[in-house]
Amino acid sequence: MTAFDANWSLMTPEIVLAALALLVFTIDFMTGIHGKKPFIGRLSVLSLLVTAVLVVVTNSTSGSIAEVFVVDPFAMVFKLIILIGVAMVILISMNFLDRERNAEVYQGEYYSIMLFAALGAMIMVSSADLITLFIGLEILSISSYVLAGFKKYSRPSTEAAIKYVVLGGTASAFILYGMSFLYGLTGSTSLLEIGQAIPMLFEEYTFVVMMSFLFMLAGFGFKISIVPFHMWAPDVYEGAPTPVTAFLSVVSKLAGFGIILRVFFLGFGGVYQEWAFIIAVIAAITMIAGNFIALTQTNVKRLMAYSGIAQAGYLLVPVATVVGDVGINMIVFYSVAYLMMTLGAFAVITLVTEDTGTSDLSSFAGLYQRAPYLAIAMTVFLVSLAGLPLTAGFIGKAYIFFGAVAGEMLWLAIIMIVTSVISFFYYFGFIKQMFMTDPRPNDKELAVPGSMQTVVTVSLAVTVILGILPGLVLDIFNTFNWMAFF
Amino acid sequence: MTGQMIFFIIFALIAITGAVLIIALKRISHRVVSMAFSFMAVAALYFLLGAEFIGIIQIMVYVGAITILFVFGMMMTDHRNFSFGPDPRKWQQALSFVGVATLLGLMLYGISTLDMHESTQPFVGSVEAIGLELYGHYFIAFLGSAFLLTSALIGAIVIARKEAD
Amino acid sequence: MVPVTFFLALAAILFCIGLYGVLTRRHLVIVLVCIELMLNSVNINLVAFSAIGPFANITGQVFTLFVITVAAAEAAVGLAILIALYRNRNSIDVIKHDLLRW
């Protein structure tokens, strides 16, 4: 079936989002260059929500356009995660951009580039072809480079952007180099055909297939910041505007996981036994390094970067231990939990660090007295990130843990538990600042604007509800046949 | 030794020399020129492979557009002292060299293990075939690259724009 | 005809020269040039496989076109950020952070 005879209605959400992104951009340049444009932010959020509804409506039946663009439950759930994530990031940004300190940021362009990034991520998670996948990845990456440098008169922001561009470009080159060998050995860029050819190719050219796998792992590993490809994350997270940091640590990372699963399970699934152990070792190193280095951090954004690295390690564990649908169940559940708890935490962090003007951990001093609701919500998010009971993070981690035990990787499960215990220490440092320290003398009560209130409340509700009733989504996930699109 | 082999060796040597000079030369303008030579030699290799269209695009985009872009970048920034951190120490350079050399050794070993029954007659892809693939099977990627360029365009203008105060 | 492995070897050498340049050079324009070099080596691989590989077909050349597009976009964004950075320079003209800091 060629692309032209295909059922193009499968692409409805992407087409609508693309049109709305261009509409947002057009409205922006028709309303002048400068000034605050809260309506554009609201319009962007609305576009994302409309697209999310369309994803639910149109993507519920599986199908594919010429086996290039595929729609399956996996793509649908990841698209929903991306769209909701970006919508929440934009809600956080609306407050951030209204502040006097960030007046230099062009608001309309900021929102439209964020919508383009969401579009790229959507194309990426639902493509089953190396070229389409790469283009989606690059739309996301190039938009992220730009967003990181959007505070263009702030030196840390531009420094972060240049660093991200250089290392991100190198990572793209690694991915492409790996892909070029896959193409050369199979004569096709379709992941399905590559997947069929891989077992035989592995017999014949073990070294080159492994080389191609490792090059791609290095490149994708950079995008999701796993050790040893994480060096960019702390510096970029620290320098970038805080909502962009939230975007990078949630949307960019989870979309990266989406394609890792797609490429490695679909393309390299036939030789799973050969690479699972490599992933397991990398997951172990990532959990250990991320958590231990986080202990030494005093800057909130750097701490969240290392915490994000450690979380990427937890998310990699099921990739290494459980093959097939159950493994994807675990990853998707933890992704939903990670989305909610991290974005909630970043909403609070944005509000507090922008209010005090510093991203040092001491800016959280006495938050309980300044804004009790925020302090309690933040505590729940941190407890969930650390993986204590009654939170979504706990259920996700426990699920992954039992998967690792069942997959006969007990050592990995033990490393996971030990490093989670270590993570209590740095998350507890936050909680101590909020509840046991007095606010600094000139800090007043913190006003919480409506958009922030929404983000915090939604993430709080989801984190707690999934912690108590995980069956609500797990039952749905169990009925999915994740990657069946043909 | 066939004529093709001789041309391959000549162009490969130019490409590698150009690439080494990008790293080794002192003056930045010389480095950018050696980059242009390297890219030109790569374009010649594409002609040798029978991929004329890609060769022409390579000359237009890399030798033309991107080289000019870098020349502008070089001129718009003070190109003498504008760089990442201090120069890396000797041991760092040595470590990078050993690391990259090991990687190269492994890659070359891997390539040498490839024992492929290759076609004797090169496959010549016409522009028509490329067009049909591009607008047929890879139509989504093509549309995607339109959004990629839009996003890059908006971003580059916003970031590099200098406000008239 | 020249064997495809020769082209692959050339691409591997260019890739590694580019990587070495990214890791050790400190001049920002040169670092961006080195990334272009790495992407170029990918193109050599793709075109070589597309012309004389075991499964020679047109897809490799189409892939190359996309890689060239992305390389150009990346170079443009990189230089735009470079110019913004240059505008923000203080008295010291070096970036405080090392590229590969742990």
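**Exercise 1. Chain C**

Task: Find what share of the contacts in chain C with a separation of 6 or more joins residues 24 or more positions apart. Then describe the chain's elements and burial.

Solution. 
- Step 1. Two residues are in contact if their C-beta atoms, placed from the backbone, lie within 7 Å.
- Step 2. Take the contacts in chain C with a separation of 6 or more; residues 24 or more positions apart account for 47% of them.
- Step 3. Chain C has 3 helices and 1 strand. Helices (H or I, at least four residues) and strands (E, at least two) are DSSP runs, numbered from the N terminus.
- Step 4. Along the sequence the pattern is α-α-α-β.
- Step 5. Chain C has 102 residues, and 75% of them count as buried. A residue is buried if 20 or more other C-beta atoms lie within 10 Å of its own, exposed if 12 or fewer, and partly exposed in between; C-beta atoms are placed from the backbone.

This is a predicted model: local features need pLDDT of at least 70, side-chain atom pairs count only at pLDDT 80 or more, and totals for chains, interfaces and linings use all residues. Residues are numbered from 1 along each chain as its sequence is written, while chains are lettered from A and ligands numbered from 1 in the order in which they are written.

**Exercise 2. Annotated spans of chain C**

Task: Which residues of chain C does UniProt list under "transmembrane region"? Check the structure of two of these spans.

Solution. 
- Step 1. The unreviewed UniProt entry lists residues 6-23, 30-56 and 62-86 of chain C. Its positions are given in the numbering used here, feature names are shortened, and annotations may be inferred rather than shown by experiment.
- Step 2. Residues 6-23 of chain C are 100% helix and 0% strand, with end C-alpha atoms 26 Å apart.
- Step 3. Residues 62-86 of chain C are also 100% helix and 0% strand. Their end C-alpha atoms lie 36 Å apart.

**Exercise 3. Chain B**

Solution. 
- Step 1. Chain B has 6 helices and 1 strand.
- Step 2. Chain B has 165 residues, of which 38% count as buried.
- Step 3. Ile56(B) sits in helix α3 of chain B. Ile56(B) counts as partly exposed because it has 14 C-beta neighbours inside 10 Å.
- Step 4. Tyr46(B) is 10 residues from Ile56(B) along the chain, and their C-alpha atoms are separated by 8.9 Å.

**Exercise 4. The largest nonpolar core**

Task: Which residues touch the most other members of the largest nonpolar core? Where does its largest share come from?

Solution. 
- Step 1. A nonpolar core is a set of buried Ala, Val, Leu, Ile, Met, Phe, Trp, Tyr and Cys residues joined through C-beta atoms within 7 Å.
- Step 2. The largest core has 307 residues; Met114(A), Ala118(A), Leu119(A), Leu412(A) and Val77(C) touch the most other members.
- Step 3. α13(A) gives the largest share of this core, 20 residues.
- Step 4. Domain 1 (1-80) and domain 2 (125-165) of chain B each give this core at least three residues.
- Step 5. Set aside neighbours of Leu119(A) within four places in sequence. Its contacts then include Glu14(A), Ile139(A) and Phe147(B).

**Exercise 5. Where chains meet**

Task: How many residues of chain A are in contact with chain B, and which helix gives the largest share?

Solution. 
- Step 1. The contact joins 30 residues of chain A to 21 residues of chain B.
- Step 2. On the chain A side, α5(A) gives the largest share, 9 residues.
- Step 3. That side divides into 21 nonpolar, 6 polar and 3 charged residues. Ala, Val, Leu, Ile, Met, Phe, Trp, Tyr, Cys and Pro count as nonpolar, Asp, Glu, Lys and Arg as charged, and the others, Gly among them, as polar.

Notes. Domains from an automatic or database assignment.
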